[in-house]
Amino acid sequence: MVTQLPKTDVVIVGAGWSGLAAAYELANAGQRCVVLERGKWRHTVTSFGAPEEHDELKYARRKEHMIDTPIKTLSFRNNSSETALPMRRLGSFLPGKGLGGAGIHWNGQLWRPLPSDLNMASHYSDRYGEEILNGLSVQDWGVSYDELEPHLDFFEKVCGTSGFAGNLNGDTVEGGNIFEGPRSDNYPTQPMNSSPPQQMFRNTARQMGYHPFQMPSANVTEAYENPYGAQLHSCTYCGFCERFGCGYMAKADPIICIYDVLKNHENFELRTEAHVLRVEKSADGKTATGVTYIDADGREVFQPADTICLNAYALWNVHLMLVSGLATPYDPLTGTGTVGRNYSYQTIAAASVFFDKEVWSNPFMGAGAMGVTIDDFNGDNFDHTDLGFVGGGYISATQTNGRPINYNPTPPGTPAWGREWKRAVRDNYLHHIGLTVHGSSVSVPQNYLDLDPTYVDDYGQPLLRMTFDFPENDRRMSSYVLSKAEEIGRNMDHVVDVGTVNRAAEGARYSVVPYQTTHNVGGAVMGTDPTTSVVNRYGQMWDHHNVFVFGACLFPQNLGYNPTGPLMGLAYWTLEHMKSDYLGNPRPLMDA
């Protein structure tokens with residue numbers, strides 16, 4: 001028997017960055033908001049304090065902050081001729097669980113999109129001709145950089161982001177990222193520090209004619225109060241960012257930045273351990289009436305609402321839409337349908353630079369977004385004529401951690417175990433820096449998400465099925481940008497050796513086993529054409545006008561940057577239009 005609760009104004013699925021931001025903005029606009037979070041309650045102060053949180057085995061290896069695959073997982077295959085199998089343990093990506101979501105264990109690398117990232121299809125077609133996009137399904141987002149800029153700026157202030165602007169109101173500023181779109185304001189806090197190898201990377205890149213800058217970081221560098229009144233502290237460079245919560249309140253997360261100033265609001269209610277099964281539709285199928293979920297006591301509960309906001313992780317938003325029958329599933333054979341279309345990922349490569357004993361890196365002093373970066377080979381910041389690919393990526397000398405289990409740098413040719421391996425770790429631990437190539441990922445018709453025809457979860461619902469392999473475009477792009485990173489590494493002083501890893505190497509298939517990034521995007525993409533997008537440019541579903549979708553599932557393809565900044569810029573853009581143009585007059589905000 002289903003328990004039906006009193007109706008609320010808004011029900012929000014997911015209590016991560018976008019879910020809590022939606023609750024804050026809508027609650028303060030007079031809307032009664034109920035937030036449903038599948039995981040448990042936790043808090044930055046009580047749950048993430050050192051030294052307990054600095055348990056590499058528990059959190060980095062056993063992944064205590066991430067989803068439990070026996071409870072929530074998906075199936076995977078490389079192409080449609082294969083039979084997908086359930087992902088039994090986490091590897092390539094690490095979705096979060098609990099209050100704060102993946103915003104708890106992120107690195108804090110906080111980027112804006114390039115202006116051309118948001119109109120990728122039209123930009124490349126205009127500059128190079130339409131044939132450069134043959135075989136790809138990339139498309140424009142439907143929203144411009146200038147429209148998103150105020151919202152990108154606001155989220156940077158919510159996080160107390162550290163950095164140095166390279167384009168202030170159209171004026172280029174040396175030392176910042178000269179390729180970025182015009183900014184209305186500088187970063188709210190000062191850039192992070194750099195280690196000696198990072199300073200060497202900066203000098204070498206500049207000598208080679210490139211434009212290095214300090215990576216923008218939500219690892220805050222000074223005491224700071226955000227626009228909501230939340231307090232953040234200065235980063236200690238402890239090296240426990242990714243896969244860990246920050247008990248120092250120095251890495252911006254959704255709990256300290258939003259939840260703490262929202263939790264006592266009369267229009268806000270958080271329900272944890274609430275597993276949403278489906279969005280319910282009206283009798284005529286034109287709107288949604290609420291959501292059905294399983295509560296902490298195992299009861300099936302229906303929460304009616306006037307407005308439904310889907311703020312779960314990108315993959316789970318798509319799964320929820322598919323099992324709820326929202327819009328039409330994508331069919332790769334006919335190219336019709338929208339839900340599950342344009343799934344893409346991130347294309348990661350790396351160069352490891354080993355120095356002689358004159359250069360000390362001291363990797364245990366690190367932070368998730370402590371990096372010196374060049375953007376010269378990102379997006380369309382370089383000429384793609386005759387290269388055979390679109391897109392690109394940033395190259396960054398990053399120093400995130402020196403933790404003893406995972407951080408064991410050894411030069412090429414070192415045995416994988418034994419005495420020689422131990423000696424190589426000992427000799428190189430303090431004299432190494434990694435150069436990350438963080439590349440874009442285009443969408444292609446054969447990469448998509450749908451429901452698995454065989455496997456179901458504990459609730460009897462089909463698993464989400466992922467069909468993905470690296471597109472040939474991304475293989476070429478990754479090899480090209482990696483060659484530039486390797487060249488910089490070899491030109492640095494005191495270098496003994498350089499080794500490379502390219503997950504998208506020619507002939508290699510994508511694997512869900514080794515970690516790459518938690519940057520799954522697409523599947524519920526935005527746009528201005530209802531035949532190729534699930535939602536319109538405001539994040540509103542074409543088929544159900546009172547359902548708004550948030551998160552990286554909106555991206556029509558992935559850019560070369562980490563997705564948190566763009567997805568939160570979109571979130572605040574959507575919330576602005578909900579408050580100003582929808583709530584007072586509920587209706588479709590665009591004609592289909």
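**Note on the predicted model: sheet, aromatic pairs, cavities and backbone**

1. Strands β8 and β16 (residues 371-374) pair in the antiparallel sense, over 2 bridges. Within this pairing, Phe213 has Thr373 of β16 as its bridge partner. The model is a predicted one, and the points below should be read with that in mind.

2. The β8-β16 pair belongs to an open sheet of 6 strands, in the order β8-β16-β17-β18-β15-β21, with antiparallel pairing. Which strands stand at the edges? They are β8 (213-214) and β21 (495-502); each has a single partner strand, so one side of each is left without a neighbour in the sheet. In general, strands of a sheet pair through backbone hydrogen bonds, either parallel or antiparallel.

3. Aromatic contacts come next. The count comes to 32 aromatic pairs. One of the pairs is Trp17 with Trp106: the ring centres are 6.0 Å apart and the planes stand at 75°, so the pair is edge-to-face, given that planes over 60 degrees apart are classed that way. Trp17 lies in helix α1 (residues 17-27), while Trp106 lies in the loop between β5 (85-86) and α4 (120-128), so this pair ties together parts that are 89 residues apart in sequence. Trp17 counts as buried because its relative accessibility is 8%, and Trp106 counts as buried at 10%; the cut-off for buried is under 20%.

4. How many of the residues of α1 are buried? The figure is 11 of the 11 residues, so α1 is largely enclosed by the rest of the structure. The buried residues of α1 include Trp17, Leu20, Tyr24 and Leu26, and also Glu25 and Ser18.

5. Phe93 and Tyr345 form an aromatic pair that is edge-to-face, with 6.3 Å from centre to centre and 75° between the planes. This pair links distant parts of the chain: Phe93 is in the loop between β5 and α4, and Tyr345 is in the loop between α8 (314-324) and β15 (347-355), 252 residues apart. Are these two residues buried or exposed? Phe93 has 1% relative accessibility and therefore counts as buried; Tyr345, at 0%, counts as buried as well. Both residues belong to one aromatic cluster, formed by Phe76, Phe93, Tyr343, Tyr345, Phe468, Phe470 and Tyr510.

6. Two arginines are placed over aromatic faces. Arg183 lies over the face of Tyr187, at 3.9 Å from the ring centre. Arg403 lies over the face of Phe240, at 5.6 Å from the ring centre.

7. The structure holds 5 cavities of 30 Å³ or more. The largest cavity contains about 120 Å³ of space. Of the 15 residues that line it, the closest to its centre are Trp111, Asn177, Glu180, Tyr187 and Pro216. Tyr187, listed here, is the residue whose ring face lies under Arg183. The lining of the largest cavity divides into 9 nonpolar, 3 polar and 3 charged residues.

8. The second largest cavity has a volume of about 80 Å³. It is lined by 13 residues, and the closest to its centre are Asp117, Met120, Ser440, Asn558 and Leu559. What is the make-up of the lining of the second largest cavity? It divides into 4 nonpolar, 8 polar and 1 charged.

9. The remaining points concern the backbone. Most residues other than glycine have a negative phi, and most peptide bonds are trans. The peptide bond from Ala50 to Pro51 is cis, with omega near 5°. Pro51 is found in the loop between α2 (44-47) and α3 (56-61).

10. Glu273 is not a glycine, yet has a positive phi of about 50°. It sits in the loop between β11 (268-272) and β12 (275-281). Glu273 counts as partly exposed because its relative accessibility is 36%.

11. Asp386 likewise has a positive phi, of about 65°, although it is not a glycine. Asp386 lies in the loop between β16 and β17 (393-398), and both of these strands are in the sheet of point 2. At 79% relative accessibility, Asp386 counts as exposed.

Technical notes
Residues are numbered from 1 along each chain as its sequence is written. This is a predicted model: local features need pLDDT of at least 70, side-chain atom pairs count only at pLDDT 80 or more; totals for chains, interfaces and linings use all residues. Side-chain values use heavy atoms; hydrogens and water are left out. On a 1 Å grid over the protein atoms alone, a cavity is a set of points where a 1.4 Å probe fits but cannot get out, and a pocket is an open set with protein on both sides within 12 Å along at least five of seven lines; lining residues have an atom within 4 Å of a point. Grid points are joined across faces, edges and corners, and a volume is the space filled by probe spheres set on the points. Ala, Val, Leu, Ile, Met, Phe, Trp, Tyr, Cys and Pro count as nonpolar, Asp, Glu, Lys and Arg as charged, and the others, Gly among them, as polar. Rings of Phe, Tyr and Trp (its six-membered ring) pair if their centres lie within 6.5 Å; planes under 30 degrees apart count as stacked, over 60 as edge-to-face and the rest as tilted. Helices (H or I, at least four residues) and strands (E, at least two) are DSSP runs, numbered from the N terminus. Buried means under 20% relative accessible area, exposed over 50%, partly exposed in between (1.4 Å probe, protein chains only). A charge sits over a ring if NZ of Lys or CZ of Arg is within 6 Å of the ring centre and within 35 degrees of the ring normal. Two strands pair if DSSP finds at least two bridges between them.
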